[in-house]
Amino acid sequence: MLSLSPLPAALSVPAALHGASAFTTIRTRRGQPLLWPQHLARLSATAALLGLPVPQGTEPPRLEPLAWGLLRLTLTADGLYWSHAALDAGPKPLAGVSVALTSWQVHPQLAAHKTGNYLPYRLAGAGAQAAGAFEGWLRLGDTLADGSRTAPLLELGGELVVPAGGLPSVTRAHHLAGKTFSERPVALAELPHISRAWICGSGVGVIPVRELWLEDGKRVELEAQWPPEVDAVTGWPG
């Protein structure tokens with residue numbers, strides 16, 4: 001049985017009680033934040049929406065020169081905070097990874113922002129990983145919206161497609177620079193017709209999906225093709 005205790009003052013704030021906060025996670029290389037301006041611009045847009053202090057123009061902190069790291073910026077009504085930890089992603093998944101479509105939905109108004117109201121993503125990721133998948137995808141109605149910790153990029157009909165309705169991924173945008181693609185709603189009914197897919201994020205770079213698990217138990221085998229050209233942002237960290 002849990003004992004009942006008074007609520008600590010540190011938890012009696014909107015950031016803790018209601019998720020009234022914003023964050024972004026930035027890959028670092030030898031202590032240098034990668035794509036700092038882009039991450040700060042996205043965080044600033046979320047701050048404006050939530051009525052939080054806008055961090056536009058903030059300079060990065062001086063960091064330990066880790067080989068690979070993740071720098072998290074957390075913004076609340078009280079200020080902007082940072083933490084930095086080593087990024088150890090483990091062995092490179094040369095054959096690609098499996099992704100499970102989950103039943104979890106993104107918030108229709110907040111899905112374009114990284115806020116403290118993050119529980120659906122955590123639950124989607126935990127459920128997918130418990131089933132043995134590397135990542136879990138979330139939906140918006142009858143469309144694909146986002147990943148629990150990465151952003152999806154699809155190949156449909158020979159064209160690169162960014163599913164509409166999710167977070168504007170900084171890593172994905174960097175990878176797509178100079179490439180031809182479309183951004184549109186992707187119906188769940190289209191998922192069996194994907195020819196290739198990738199997931200993009202600060203923690204993993206851009207990695208191919210080899211198998212997609214649909215909710216009806218169907219598994220779609222995909223051609224797992226690593227990007228031919230990578231850099232410190234899109235490559236596997238290690």
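Me: What makes a side chain count as positive or negative here, and how far apart do the centres of the two sets lie in the protein chain?
Reply: Lys and Arg count as positive, Asp and Glu as negative, while His and the chain ends are not counted. Each charge is placed at NZ of Lys, CZ of Arg, CG of Asp or CD of Glu. By that rule the protein chain has 18 positive and 18 negative side chains, and the two centres lie 5 Å apart. This is a predicted model, where local features need pLDDT of at least 70, side-chain atom pairs count only at pLDDT 80 or more, and totals for chains, interfaces and linings use all residues. Residues are numbered from 1 along each chain as its sequence is written, and side-chain values use heavy atoms, leaving out hydrogens and water.

Me: Why is strand 13 called largely enclosed?
Reply: A residue is buried at under 20% relative accessible area, exposed at over 50% and partly exposed in between (1.4 Å probe, protein chains only). Eight of the nine residues of strand 13 (residues 205-213) are buried, so the rest of the structure largely encloses this strand. Across the protein chain, 47% of the 238 residues are buried.

Me: What makes strand 13 a partner of strand 5, and in which sense do they run?
Reply: Strands are DSSP runs of E, at least two residues, and helices are runs of H or I, at least four, numbered from the N terminus. Two strands pair if DSSP finds at least two bridges between them. Strand 5 (residues 97-105) and strand 13 have four, running parallel, so they meet that rule. One of the bridges links Ala-100 with Trp-213.

Me: Which strand pairs with strand 13 over four bridges in the antiparallel sense?
Reply: That's strand 12 (residues 196-201). The two form a hairpin with three residues between them, and Gly-201 is bridged to Gly-205.

Me: How many bridges join strand 13 to strand 14?
Reply: Three, with the strands antiparallel; strand 14 covers residues 219-221. Trp-213 turns up here too, bridged to Arg-219. Five residues separate the strands of this hairpin, and Gly-217 in the turn has a positive phi of about 90°.
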